[in-house]
Amino acid sequence: MSPIISPTPASPISLRRLAEGQKAVIVSISAQSELGRRIRDMGLVPGAEVEVVGRAPLKDPVALRLKGFTLSLRNNEADFITVIPKN
Amino acid sequence: MPHTTPIILALAGNPNSGKTTAFNFYTGSRQHVANYPGITVERKEGFLRAHDRDVRLIDLPGTYALTAYTEDELVARRGLTPGGPDAPDCVINVLNAGALERNLYLSVQILELGLPLVLALNMHDEAEKQGMIINCGRLAELLGIPVVPTVARSGIGLDKALAAAVQVSLDRRAAKSSGLGGAKPLDISYGPDLDPVIQEFTALIEGNEALCARYPARWIAIKYLENDSEIRDLVAAADSALDVRLAAGLEQVTRHLKSTTGSYPEAIIADYRYGFISSLLRQGVVTRQDELRNRVARSDQLDKVLTHRFFGPLILLGVLYSMYKITFGLGEIPMGWVEAFFGWLSESVSGLLAEGLLKSLLVSGMIDGVGSVMGFVPLILTMFLLISVLEDSGYMARVAYMMDRVLRAFGLHGYSVMPFIISGGIAGGCAVPGVLATRTLRSPREKLATLLTLPFMTCGAKLPVFLLLAAAFFPGNETSVMLIISLVAWGMALMIAKLLRSTIIRGESTPFVMELPPYRLPTLFGVLIHTWERTWQYIKKAGTVILAISIVIWASMTFPELPEEMAAKDDSSAARLEYSFAGRLGKSLELVTAPAGFDWRVNIALLGGIGAKEVIVSTLGTAYSLSEEDIAAVEDSDDTTSLQSRLRGDPNWNPVNAAALMAFVLLYAPCFVTLAVMRQETGSWKWSAFSLIFNTLLAFAVAVAVYQVGMLVI
């Protein structure tokens, strides 16, 4: 019996490109210094699962759900975060 | 006797964790708020007795980590320095149990500092409703510290947490006096790349006693690897040879990591810290049931409406408008009482004293001056009350979230909108509470840009000037004139903000990354305490400065007195004013102000307006020698008919210099109360001075442009 072929894992994309309601797992964060520190302090680290729960009326900033809380960040800050979308 | 010294406990935790609620519960009204010298972070302390001990409880600012980026974090860290002056015997760390993982990130860092810790797992009930069962006993066992479930809003578990902290403190003191040493700092592995470097660094740092007396050596090593600016400076100051060695080590490991993993030390440290926490929680601390309908979900439902693409901004407009209406509508009633009281005081004192300098000083100088400051108190009280409600409910964070995109274009922040509105973004506000409202802005550059541009708004005290001039020179078009003024105010504020942010307060925008806390019903006690603290600070600080300044203004309009031979000819108030120091200054300024079309009378009124904008119209009245009754009518009922006709009849006046004057009044130096609170909020007179000079020059340039172009056209 051949092993069950799992669907090819989605390729990494920028967090900005996640659609509303879509879940994803963080793979890397390329921000450094203050922004990088703040992002990590809030628990946005590789392996963390996030979900886009909404966007502000002008499509920016974006609201994310992490384990047990909601946080928001600007699109240009989300650009530093690479995620793999979950199906 | 070591036992007689009070136990020092520090209260630490993330923003929105319920830390402030816990502090209010412990200390009630027996708390003391002050600002740290030179910075604007509030320092809160309370004294209480627990288990027959005097306890000094220090409330540290809410932070997510112990980095060195914001004032809040630096203050929190200073309060947690094991070798610092206020080193706590024990720290009570309040955690939001629902977001346990992120909240433990701070706890772990406190443990790394080697400070004794008690965890208060707050909102424990909500976490359970979210389907998250936390085994406190297991967490306590794994970390080796007391863990107490609490519900701060209703006070559940807080006494237990306090008792545990007092017990830990006493045990520690006993251990210390018997030479057993304190708590051992927590050691986390930071992986194969960093662990050897940390070890090497620690050994080197242990050679320096002064450093080790302040922080554990290993903690300094980790912070150095995180490239923490404060710690690097500390090491460099203590031992430059050590700093050189550590810097070389840091550079080497940074290069190595970059080439092998593409990462850098501070990122790896954060990853391992979170890794430590999640492995901790997996060891039977947290069990998750299926997500139930929870507060976060309910909060999401609310957000679907409150931050909706169309309804969100509409509701926001409604909230801002009613906030403004309530502040000035409701605040006006007690404001009337305060004004009536000072009016009565002024009359009684006038009646008691004989005509003369003492009476003039007391009444015109002191009582009127202090009265003008106290008159703002009801407004400020109401505004802080509403802001506290908006903040505590979680809506304020949504305001910032929705407005950020627009304001960021001008170098500002989503939170800037509220101060602008309060200052007169809707005509009739006041810059004093507006400046104080910038406290919600946590980003220093954006806060400064907001604070420096909000005086351009049409505050209530500028309105009578506009109304007077519009009625006198643009009859029938008053509404359009007022609309144009409001638009010019907003346009100038945003443009100048952009200008400042690309010149003297240049710099990257502060990261926006911000928690959107779940909506909650604010507690009455919390809101009241918050409001009172902020208002009292205003009364104390602004009150003292204003008293001094109003005496100076009074003196400059009174001295030198008219000599007798001149008084015999003309003893009118205008003649006396003209002869006074202010009058002479106004005259000599005519040379400068002529291109804007201002004569000496206008100059004096504008100078007085720096004291308080309300003074402009009444000083103009005095300078044009209106009878006492007419001045009273102008002051009391905004009935400016007599002054209007006086100005209209004056050959020196026309619509063009009226427009120039309106532009000048809109833009020039903020009043002294505003300057005083600016100093309070920025921590230095530097920005008040900047505002005074820059705004006046800007206003002058605009006024000259309006006058010169206008004169060409007509």
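In the predicted model, strand β5 of chain A and strand β10 of chain B (residues 514-515) are joined by two bridges and run antiparallel. Within this pairing, A:S72 lies opposite B:M514 of β10(B).

The contact between the chains involves 38 residues of chain A and 42 residues of chain B. About 3,600 Å² is buried between chain A and chain B, and carbon and sulfur atoms account for 54% of this area. On the side of chain A, the residues that lose the most area to chain B are A:R37, A:P57 and A:R74, which together make up 21% of what that side buries.

A:R37 also takes part in a salt bridge with B:E266, in which the closest N and O atoms are 2.9 Å apart. Seven salt bridges are found across the interface of chain A and chain B. Polar contacts between the two chains number 18 residue pairs, counted where both residues have pLDDT 80 or more.

Several elements of chain A give two or more residues to the side that touches chain B: the helices α1 (33-41) and α2 (75-78), and the strands β3 (49-55), β4 (62-66) and β5 (69-73). The largest share of this side comes from α1(A), with eight residues. By residue class, the side of chain A that touches chain B consists of 17 nonpolar, nine polar and twelve charged residues.

Conventions:
Residues are numbered from 1 along each chain as its sequence is written. Chains are lettered from A and ligands numbered from 1 in the order in which they are written. This is a predicted model: local features need pLDDT of at least 70, side-chain atom pairs count only at pLDDT 80 or more; totals for chains, interfaces and linings use all residues. Side-chain values use heavy atoms; hydrogens and water are left out. Contact means heavy atoms within 4.5 Å. Buried area is the accessible area (1.4 Å probe) that two parts lose on being put together, summed over both. A salt bridge is a side-chain nitrogen of Lys or Arg within 4 Å of a carboxyl oxygen of Asp or Glu. A polar contact is a pair of N or O atoms within 3.5 Å; within protein, one must be able to donate a hydrogen and the other to accept it, and residues adjacent in sequence count only if both atoms are side-chain atoms. Helices (H or I, at least four residues) and strands (E, at least two) are DSSP runs, numbered from the N terminus. Ala, Val, Leu, Ile, Met, Phe, Trp, Tyr, Cys and Pro count as nonpolar, Asp, Glu, Lys and Arg as charged, and the others, Gly among them, as polar. Two strands pair if DSSP finds at least two bridges between them.
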